Amino acid sequence: MNKTFLVALILFSLSFTAKAQDASVEKSIFGIQLGAIGLWAHNEAKLSQSIALRTEVGAELGFYSSSFINDSGVYVIPSITLEPRWYYNLNKRVSKSRRIDGNSGNFVSLKVNYHPDLLLTSLKENYNFISDLTIIPTWGIRRNIGKHFNYETAIGVGYIKYFEEANTFFEQADIGVNIHLRIGYKF
């Protein structure tokens, strides 16, 4: 009886210590994501148990229009992003037996995005593209669909800096918005 009790105690202790471990973001994740306005390739590298640094390059669609010459069209620009993300609910998801693989969870981030003055398509002579830099605090979620697929949505409002004087839709040219809904594939 003592041996049985000792084995049961050891097994119970091992299962308890396994559940007591902190949840963590993955060491490194590579993937691609498709959204309504573009295609992006990204990497998330682990900085701590709950913080990952996301680097991303992509191609985004833009729209131009002129009422003076009755013209409009679409262009494609590159996008470069650096985004530290804090996945704040990983332990809660583990305690409820929910998935955290692929950094599936809720996050808060500081998205820094740069659009260089480089077009992947051409514009007509009377148009030019102005490069910009945005710094946007963002809240979002990522969830997995099967082993490799995921979806992600995020929203944030922050600062945008144009590198030349720009006529913008808003009165203030310094308000930047990040709203995205993407579906992705993790390698």
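How do the residues of the lining of the largest cavity divide into nonpolar, polar and charged? The legends below refer to a predicted model.

**View 1. Lining of the largest cavity.** The lining divides into one nonpolar, five polar and two charged residues. It is formed by Ile29, Gln33, His42, Gly102, Arg142, Asn144, Asn150 and Lys186. Strands β1 (28-35) and β6 (132-145) each contribute at least two residues of this lining. The volume of the largest cavity is about 40 Å³, and one cavity of 30 Å³ or more is counted.

**View 2. Surroundings of asparagine 103.** Asparagine 103 is located in the loop between α2 (90-95) and β5 (105-115). Because its relative accessibility is 0%, asparagine 103 counts as buried. Beyond its neighbours within four places in sequence, its contacts are Val25, Glu26, Ile29, Glu44, Ala52, Tyr87 and Arg142.

**View 3. Salt bridges of arginine 142.** Arginine 142 pairs with glutamate 44, with 2.3 Å between the closest N and O atoms. Arginine 142 belongs to strand β6 and glutamate 44 to strand β2 (residues 38-46), so this pair ties together parts 98 residues apart in sequence. Arginine 142 is buried at 1% relative accessibility, and glutamate 44 is buried at 0%. A salt bridge also joins the side chains of arginine 142 and glutamate 152 (3.1 Å, N to O). Glutamate 152 lies in strand β7 (residues 149-162), 10 residues from arginine 142.

**View 4. Network of salt bridges.** Glu44, Arg54, Glu56, Glu83, Arg85, Arg142, Glu152 and Arg182 are linked in this network. Within the pair of arginine 85 and glutamate 83, the closest N and O atoms are 3.5 Å apart. Arginine 85 is buried, with a relative accessible area of 1%, and glutamate 83 is buried at 2%. The structure contains 10 salt bridges.

Terms used. Residues numbered from 1 in each chain as written. Predicted model: local features only at pLDDT ≥ 70, side-chain atom pairs only at ≥ 80, totals over all residues. Heavy atoms only, no water. 1 Å grid on protein atoms, 1.4 Å probe; cavity = no way out; pocket = protein on both sides within 12 Å on 5 of 7 lines; lining within 4 Å. Points joined across faces, edges and corners; volume = space filled by probe spheres on them. Helix = DSSP H or I, 4+ residues; strand = E, 2+ residues; numbered from the N terminus. Nonpolar A, V, L, I, M, F, W, Y, C, P; charged D, E, K, R; others polar. Buried < 20%, exposed > 50% of the residue type's maximum accessible area, 1.4 Å probe, protein only. Contact = heavy atoms within 4.5 Å. Salt bridge = Lys/Arg side-chain N within 4 Å of Asp/Glu carboxyl O.
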